[in-house]
Amino acid sequence: MAQRVATGDGASKKTSRVRVAVRLRPYMGKQDEKNEGPCVRGLDSQNLEITNWRNATETVKYHFDAFHGEQTTQQQVFISSVKPVLPYALNGQNASVFAYGPTGAGKTHTMLGSSGQPGMIPRAVRELFNLVKAKDEDEGWDYSIGMSYLEIYNEKVLDLLSPGSHDLPIREDKDKNILIPGLTHTTISSFSEFDKLFMPATLNRTTASTKLNERSSRSHAILLIKVVRTQRAFPNRQQTGKLYLVDLAGSEDNRRTGNQGIRLKESGAINLSLFTLSKVVDSLNSGTAVRVPYRDSKLTRLLQDSLGGSAHSVMITNIAPEYKYYFDTFSALNFAAKSKLIVNKPFTRETVAVPVLPVKRARRDQEAGSSGTEPQKKKQKEEKKTEQDDSSPSAHLDSLSEPSVMDRLLALEKLMMSCQDKDRNSMLNDVAQSRKEIQELKEKQKKYESQALLMSQSAKQEPAFKNTSVPLQRKPSNATRPNKQQAVVQPLQVSQLQPLKQLAVVRKQSVCVKKKEKKLSDHVELPGGKENIMETSWESQLDTSVLEHSRQKILQVLNSGSLKELKGLQLIGDKKGKLILGWREIHGHFLKLEDLVKVEGMTEKRFSSFMKANILSAMGK
Ligand code: ADP
Ligand code: MG
């Protein structure tokens, strides 16, 4: 039986680290409808920086084993990141190269490439044949190369060389080699033989994927090249080296696409594999983990003998420069980074209010002083000339100030915070701070209520003041627009005389009103459309900044609260609390409150009631 050797050629040291390279693909105008320009750029061969959404005067700088800028060719990426690991496969050792990153950032381009720009896979296979050819006959070994090609989709292992096959098992033999019984494995004697098998299988996969909701971005495509070498002389030792070349599923947050049903299950499974991969890479690179959680997903289980340990592993993190990828880029970098540093320097000059300076020019002027080749920049300038006129200095800040964007950023930040143990204390501080703020708001609330009561009493003495008009509608909530209005809840007296939608605003103010209202609201919620009218109404009558504040607090509890804290929310009991914890376990965090409907049993209607009860509770208690 072929043996896997742990070390070779005197390399007795265990190399368990995963080398991390980042590749930034070129900026694509068509991917950037808002003409915001890039949000990330390279600094040198190991460092890059990304704009810091939290503070426009800062950038976040990351350090990697290698950084490949947008002008880097396939050949350069290959020589720097892939070629060095190939000789190990000829010596009975294992290696893996995988492309990580959001869909559209260049994973397939990097791994597969095109006929004009072949990627890492064709280059690596060609190079393996060259290495074998170059081996000295006198060394006394015969080499044979074979391939398998599989896909992990929805936690199922599928044979791409035998379409229609079923989920294959993953096993481990007594020497701790990972095997897939039943997987097609074909010996190849030349690159063209490889190509004849590989290309149709890849095309099949792509065609199937368009029919199946872009499955290719949701599955992991794994090419396995085995190099078996056999000693010609007695005792005819045999060694097998494995090389895995993997085009991973997109690392974007599938929850944002609003997946339901099968898609939701699918994205959950993808997240599980990628989530586990991130834990494995993290454990390997930090060197502190007691247990590397290979068994937690099919992907990591399969790669177990070729990722970490004595294997040689390279992760190429692909990122895209456009703002629309900002969140995914940010999380991909955080996953991949060895270190990061907040740098007190604006990413672009558009963060400084100098309206006369066209935004793209400003950025390019800066770029001229950093990395990148002149011809490319010239080309970019020409492409972007037409974009300059309508770009305002605050273009990207505008997009960051959309409420949904802010929600996502805040959630992302929470996600990052919760991922890092060292930040747990700061999270606890945040929770304490939030509680304090809620307390202060409650006190303010009481003050306004008593003022309102006084007003209502004086109003009773003046019949002309009897208020039957609808209160002023405020603008919809906007997280970042400063709102000078104070937290004001409509005076109590209107509740007796106002239409239903106004009653909702004051429902927390007295037990008597509350009871009456419950009945009324039940009544209102029955016919479909009316509930919405009512929801719009009660929310729109609250001060926007207070409303937003309350929403953020609730989101914070949903994302970081313990079961007890979750149960402290209105309308969340033990069962719901556990379901929320379970959802968090699988999917990570809620990016926005509306994501709560993805939790089992949480209908739109229940969600509406949940929101109303919690926001009013936070404000009116
Ligand atoms: P992914 O596999 O991560 O979803 P793709 O490899 O399909 O992304 O890349 C998306 C698009 O960007 C494709 O049109 C691809 O040709 C292009 N692209 C990606 N990386 C590069 C690059 N380094 N140079 C030129 N074009 C690229
Ligand atoms: Mg792809």
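Analyst: A polar contact is a pair of N or O atoms within 3.5 Å. Please keep in mind that the model is predicted. In this model, a backbone N or O atom of Gly-106 lies 3.0 Å from an oxygen atom of ligand 1. For Gly-104, a backbone N or O atom is 2.6 Å from an oxygen atom of the ligand, and a polar backbone atom of Ala-105 lies 3.4 Å from a ligand oxygen. The protein covers 69% of the 550 Å² of accessible area that ligand 1 has on its own.

User: Which residues surround ligand 1, and which helix gives the most to its shell?

Analyst: The residues around ligand 1 are Arg-23, Arg-25, Pro-26, Met-28, Pro-102, Thr-103, Gly-104, Ala-105, Gly-106, Lys-107, Thr-108 and His-109. Helix α3 (residues 107-111) gives the most, with 3 residues. Sorted by class, the shell has 4 nonpolar, 5 polar and 3 charged residues.

User: How is burial read along a helix, and where do the buried residues of α1 fall when seen down its axis?

Analyst: A residue counts as buried under 20% relative accessible area. In helix α1 (residues 74-82), the buried residues are Gln-74, Val-77, Phe-78, Ser-81 and Val-82. Viewed down the axis of α1, they fall within an arc of 100°, and therefore line one face of the helix. In α18, 13 of the 17 residues are buried, so that this helix is mostly covered. Helix α18 (residues 544-560) reaches 24 Å from its first C-alpha to its last, close to the 24 Å expected at 1.5 Å a residue.

User: Which values of phi do Asn-154 and Lys-176 have, and is each residue buried or exposed?

Analyst: Phi is read together with the residue type. Asn-154 has phi near 55°, a positive value in a residue other than glycine, and lies in the loop between β7 (141-153) and β8 (156-159). Its relative accessibility is 14%, so Asn-154 counts as buried. Lys-176, in the loop between β9 (171-172) and β10 (178-179), likewise has a positive phi, near 70°. Because its relative accessibility is 55%, Lys-176 counts as exposed.

User: What is the form of the peptide bond from Phe-234 to Pro-235?

Analyst: Omega is the angle to consult. Here the bond from Phe-234 to Pro-235 is cis, with omega near 10°. Pro-235 belongs to the loop between β12 (220-231) and β13 (238-247).

Definitions and conventions: Residues numbered from 1 in each chain as written. Chains lettered and ligands numbered in written order. Predicted model: local features only at pLDDT ≥ 70, side-chain atom pairs only at ≥ 80, totals over all residues. Heavy atoms only, no water. Near = heavy atom within 4 Å. Polar contact = N/O pair within 3.5 Å; in protein donor to acceptor, adjacent residues only side chain to side chain. Areas by Shrake-Rupley, 256 points an atom, 1.4 Å probe, with all protein chains shown as cover. Helix = DSSP H or I, 4+ residues; strand = E, 2+ residues; numbered from the N terminus. Nonpolar A, V, L, I, M, F, W, Y, C, P; charged D, E, K, R; others polar. Expected span 1.5 Å × (residues − 1). Buried < 20%, exposed > 50% of the residue type's maximum accessible area, 1.4 Å probe, protein only. Arc of directions from axis to C-beta.
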